[in-house]
Amino acid sequence: MRYVICFLTVWVCFSACKNKPSDENARLRIGQFLGYNNPAIIIISKDGKDVLREEYRAGLLTHYHSFSPGIYRIRVLRKAQPLLEKKVGLGPGGIYTLCLTGTPLPAQDINKQTVRDQLMHLVEGAAGITKNGYLPQLLVLNDYFSLTGKNTGIRFLNMAEGMEPVDVEIKDSNADSKMEISHNSYPLISNVETLQAGKYSFTLTYSGGPGIILEQPVHLEPRKLYTFFITGACDNEKQVLKLVSGSSKN
Amino acid sequence: MAEDKSKLGPVQVWALAAGGMVGGGIYTVLGVIVAISAQWTWLSFLITGIIALTSAYSYVFLSNKFKEKGGAFAFLEEVNDHKIAGSLSWLLIIGYVLTISVYAYAFGHYVAFAFHGSALWIRLLAAGVVAILIALNLAGVGKLTTVEIIIVSANLLALVVLAAYGLSQWDTTQLVAGIEPRPLWSGMIGGAAIFMAYEGFQLLSYEYDRIRKPEKYFMPVLLVAVAFVVILYMLVAVGATMLGGAASIISFKQIALSVVAQKAFGSVGMIIMTLAAGFATSAAINSTLFSTANLTRSIAEKNELPAWFSHTNGNDVPDRSIILLGVLAAVLAVTGSLSSLVEAASLIFLCTFGVVNWLAYRESHKRKWIPLLGIAVGAATGISLLFRLAISKPIALGGMLLLVLLILLGRPYLIRKNGSS
């Protein structure tokens, strides 16, 4: 009887504190980082019906789209050629980024994988992310975060296939403090680092190399998670790499 | 009569066995297993639960047969297999060190998350909790059975409520939220990676002489405790994932249950889960450190380890063992990665349980199918784990195999040297 009372008490406490997500729908944005500036058609369907069909240019990060929770089929095409297909669950209140990366081959099979990529997915599941020989792949990032007060979160994702790993130095413009997020290698995402909201400048260098690839000032607002995608720049741009950024709010 | 009262009754044995398993297990392994098995996570816990149940049977069967405390090492000594006993005991000690490091790692992450502590805080907390428990053990405080039972009860209650609440919000999409659904067979690989979540029950075999009427109570109580934990793990795996979503559990694997509680119940839920995790992991570190140090002493007294390890302080505590084991675990907790520590420990415990099941199979005349089932499922799980390590962490696997080789070759040399001096 004592155990039942304890159970009910804790249950009531938990129930009273229940967080009801303001929007039960899932939010999903798309980052299109296919190499060589390939435009891509992305089709998202549920129960056989297309709910999104858009062509996106390379280097684009969209705003969040709202989706009812469920399991979706995601297809990626280059013109009429299917490149990728994947089923992904979008949970209620979930917030995600769908990243498209890699360089398509002229007449490649759908979901073409290297043996290493196949084996890593076999044994590691969702955590088994590899370079996949720079072939196209779809990555789903979880944009949920936990931050309090005036803190802000930043993370980097190297989407520049074939490039050396990149170090990012973060300087606070007011206090002159420094932080480094080092060895961001393709196509892995860094840990989320917490900073005070404010103005910063990022300096990108190749890991271990002295030369500066890119310097960029940023303004970070509190209680937001900023994701910086390091991508290859277009042919007509001066620098080798550029940063595409997007912020998320729970 | 007074002596009988000071012994562990069935409820205490049940609580210590269940708490020994849940103490650090579910807090640390959930994110690792959800990444591998997604919607089949519950199946992973069921498959490895079969090994745990059959091994629990074998441990009790052998403890009752030999009327001896000391677990696998004592059983092998009883059947005069001194070589395997010595090598396995060394391996087992490494397994316990890894286990303590996983618990300390979890403690650091869970507590630091509650106040948004930095990476430095995580390391300080992980090392700090081990340092405090080393000091308490050296002071002779040792195993706090009553305190442990209170912590276990509160911890189990929090997990049962979390699981029940999650199940009441039934939504199967959450099991694959933000990830790709996984095939059925992934349940086997997932289970292989986190087997250490079940190891805690066998610490009771070191307390055999403290159990009241063990021939009567030990078998049913331990089997019920293990079965309870198997079901609890399956329910927590499904319930917590339904509250938090698979992607969040994977992204925050070090603090998965706190993030789930925060997402579902806000700060109050997070604080309750942090308290449960903090107390559960520290109790698990304490009992594992205490039992391992005493095991080390008894192994040293039987000349299977250098006599240095049997040294005791004024409180009759094996001080050198406690300090060495604790420091090693703290270093691993501060420097290691979660899945590497968990998988290395899992491999060692799969080997140990395999040996115990094999001994039980050899020594028993009836119900031989139970240890045989444990051997079969354990072998399949072990092969899955070796396959996973060979692909994803070949260097770590190489290091483990080298360590085993060093133990097999180096132990006889050290023992000879020890004997001649």
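On the domain 1 side, F33(A), Y134(A) and L141(A) lose the most area to domain 2 of chain A. Together these three residues account for 30% of what that side buries. The contact involves 21 residues of domain 1 and 18 residues of domain 2 in chain A. The centres of the two domains, taken over C-alpha atoms, lie 23 Å apart. In the domain assignment of chain A, domain 1 spans 26-142 and domain 2 spans 151-248.

The model is predicted. Chain A has two helices and 17 strands. Of its 250 residues, 48% are buried. The chain exposes about 12,300 Å², with 52% supplied by carbon and sulfur atoms. Contacts between residues at least 6 apart in sequence were also examined in chain A; 66% of them join residues at least 24 apart.

Four strands of chain A form an open sheet with antiparallel pairing. Their order is β3-β2-β6-β7. Strands β3 (49-56) and β7 (81-90) of chain A are the edges, each pairing on one side only. From one strand to the next, the twist averages 20 degrees. Strands of a sheet pair through backbone hydrogen bonds. Strand β6 (residues 70-78) of chain A is joined to β7(A) by nine bridges, and the two run antiparallel. Within this pairing, I71(A) has G89(A) in β7(A) as its bridge partner.

Technical notes: Residues numbered from 1 in each chain as written. Chains lettered and ligands numbered in written order. Predicted model: local features only at pLDDT ≥ 70, side-chain atom pairs only at ≥ 80, totals over all residues. Heavy atoms only, no water. Buried < 20%, exposed > 50% of the residue type's maximum accessible area, 1.4 Å probe, protein only. Contact = heavy atoms within 4.5 Å. Areas by Shrake-Rupley, 256 points an atom, 1.4 Å probe, with all protein chains shown as cover. Pairing = 2+ DSSP bridges. Axes fitted to C-alpha atoms, helices over the stretch in contact; angles between N-to-C directions. Domains from an automatic or database assignment. Buried area = accessible area lost by both parts, 1.4 Å probe.
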